[in-house]
Amino acid sequence: MAILVTGGAGYIGSHMVLALLDAGEEVVVIDNLSTGFQWAVPPRARLVEADIADEAAVDGLLSGGGIEAIIHFAGSIVVPDSIADPLGYYLNNTVKTRGLIAAAVRHGVKRFIFSSTAAVYGMPEENPVVETARLRPISPYGSSKLMSEIMLADASVAHDFSYVALRYFNVAGADPGGRSGQSTPRATHLIKVACETALGRREKLSVYGTDYDTPDGTCIRDYIHVSDLAAAHLLALGHLRAGGASEVMNCGYGRGYSVREVIGAVNRAAGHEIPVEFTGRRPGDPAALVARADRVRDVLGWRPAHEDLDGIVASALAWERDLPDRKRQAN
Ligand SMILES: NC(=O)c1ccc[n+]([C@@H]2O[C@H](COP(=O)([O-])OP(=O)(O)OC[C@H]3O[C@@H](n4cnc5c(N)ncnc54)[C@H](O)[C@@H]3O)[C@@H](O)[C@H]2O)c1
Ligand SMILES: O=c1ccn([C@@H]2O[C@H](COP(=O)(O)OP(=O)(O)O[C@H]3O[C@H](CO)[C@@H](O)[C@H](O)[C@H]3O)[C@@H](O)[C@H]2O)c(=O)[nH]1
């Protein structure tokens, strides 16, 4: 039986596909290639180019009992875009996730792993933030994901269906073997933007705010290496296979770095100082967002292998350096 990975042509999904294949699993990807790339899906996985809302395509994949579990990454991910286009985000992230859960229930697929986000917490009152903290998203993106979590919880009570929702903190870095990385054009993520700047593909990096209530005045985030995140999903799959209960878990290291510290790591990896401009705050940024990640360690036995920020940044920079060649070869 195969694992269906939605959004498997995207950044995190493509690392998941590699991790599944490395573990000897059979993989089917469904992706509409809106932000993903066909070349990001290894040839050993089967790619179905379709929207997850394409019922005929999804029914075709799920009927016949060939799919054992769904790992659901497909979605829209840019927080400011969700503020400009909330209904678009609720459609792609919430309505289409509802359709996918319904299809899983209809076809008896009993295991579901979901990409949730630290954005469900909004501005947390305490850091590190624990899963039971109040959920008060401050963007339609965060709300769209929280609604999906709620649907999963309710569906798991009503049906023979279990799930693990993983709340990712700031995902960064690239496959240590150089097989995949973040390829999104016009990316907004700090480490990606800083690496593009280090390679001269952007004129400068804008630092959004230096007057936060943090030791150096810039925002603090918990950066998690994408391969450690994929490993957590594999463990979640094992947990569900073993009959484990439905779970919601933070995925981060429990250690935060400031924007200035990230820039320091990028400077070290690049061997020169990147041009930086200090500007005002970006709306909607919490000062600090750090995971309390005891649950994923205790329940799943997760032991991250790539916690070092310098290593995360070095892998991201190496990928960024090779990316133009990759894209050329693929076209
Ligand atoms: N990157 C992060 O830091 C981060 C943090 C928290 C949560 N997440 C979540 O992780 C998941 C993956 O994010 P990513 O960073 O890999 O983004 P990405 O944009 O690289 O990947 C998303 C993939 O889903 C596909 N897709 C989007 N809508 C689709 C649809 N309706 N039907 C079929 N395919 C569709 C895209 O083509 C793309 O390949 C998302 O659900 C995101 O919300 C990401
Ligand atoms: O050019 C930039 C980009 C970012 N930042 C700052 O860097 C930090 C991290 O920003 P970014 O990389 O954009 O990530 P977040 O806004 O923290 O959000 C990410 O992490 C969340 C979970 O924590 C996910 O839900 C989101 O999808 C994902 O974009 C923030 O303080 C930003 O203000 C800058 O100063 N300059």
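I begin with one residue. Ser143 counts as buried, because 22 other C-beta atoms lie within 10 Å of its own, and the cut-off for buried is 20 or more. Please keep in mind that this is a predicted model. Ser143 sits in helix α5.

Now the whole chain. The protein chain has ten helices and 14 strands. Along the principal axes, its C-alpha atoms fill a box of roughly 55 × 45 × 40 Å. Of the 331 residues, 47% are buried. If we take contacts with a separation of 6 or more, 79% of them are between residues 24 or more positions apart.

Next, helix packing. Two packed helices are described by the angle between their axes and the distance between the axes. Take helix α4, residues 86-106, and helix α5, residues 140-158: their axes are 9 Å apart, at an angle of about 15 degrees. An angle under 35 degrees counts as roughly parallel, so α4 is roughly parallel to α5. The residues that make this contact include Tyr89, Tyr90 and Ile101 on α4, and Met147, Met151 and Leu152 on α5. By class, eleven residues in the contact are nonpolar, five are polar and two are charged. The crossing of α4 past α5 is right-handed.

A second pair is helix α6, residues 190-198, and helix α10, residues 309-330. Their axes come within 9 Å and cross at roughly 55 degrees. That angle makes α6 oblique to α10. On the α6 side the contact is made by Ile191, Lys192, Cys195, Glu196 and Ala198, and on the α10 side by Val313, Ala316, Leu317 and Glu320. Here the count is six nonpolar, no polar and three charged residues. This crossing is right-handed.

Val164 is part of strand β6, residues 162-168. Is Val164 buried or exposed? It is buried, because 27 C-beta neighbours lie inside 10 Å. Leaving aside neighbours within four places in sequence, the residues in contact with Val164 include Ile113, Ala236, Leu240 and Met249. The C-alpha atoms of Val164 and Leu237 are separated by 8.4 Å, with the two residues 73 apart along the chain.

Last, some backbone details in loops. Asn127 and Pro128 are joined by a cis peptide bond, with omega about -5 degrees. Pro128 is in the loop between β5 and α5.

Two residues have a positive phi without being glycine. Leu33 has a phi of about 60 degrees, and Arg186 has one near 55 degrees. Leu33 lies in the loop between β2 and β3, while Arg186 is in the loop between β7 and α6. Leu33 is partly exposed, because it has 15 other C-beta atoms within 10 Å. Arg186 counts as exposed, because it has 7 C-beta neighbours inside 10 Å.

That is the end of my part.

Definitions and conventions:
Residues numbered from 1 in each chain as written. Chains lettered and ligands numbered in written order. Predicted model: local features only at pLDDT ≥ 70, side-chain atom pairs only at ≥ 80, totals over all residues. Helix = DSSP H or I, 4+ residues; strand = E, 2+ residues; numbered from the N terminus. Buried ≥ 20, exposed ≤ 12 C-beta atoms within 10 Å, placed from the backbone. Contact = placed C-beta atoms within 7 Å. Axes fitted to C-alpha atoms, helices over the stretch in contact; angles between N-to-C directions. Parallel < 35°, antiparallel > 145°, perpendicular 65-115°, else oblique. Left-handed = near helix turned anticlockwise from the far one by under 90°. Nonpolar A, V, L, I, M, F, W, Y, C, P; charged D, E, K, R; others polar.
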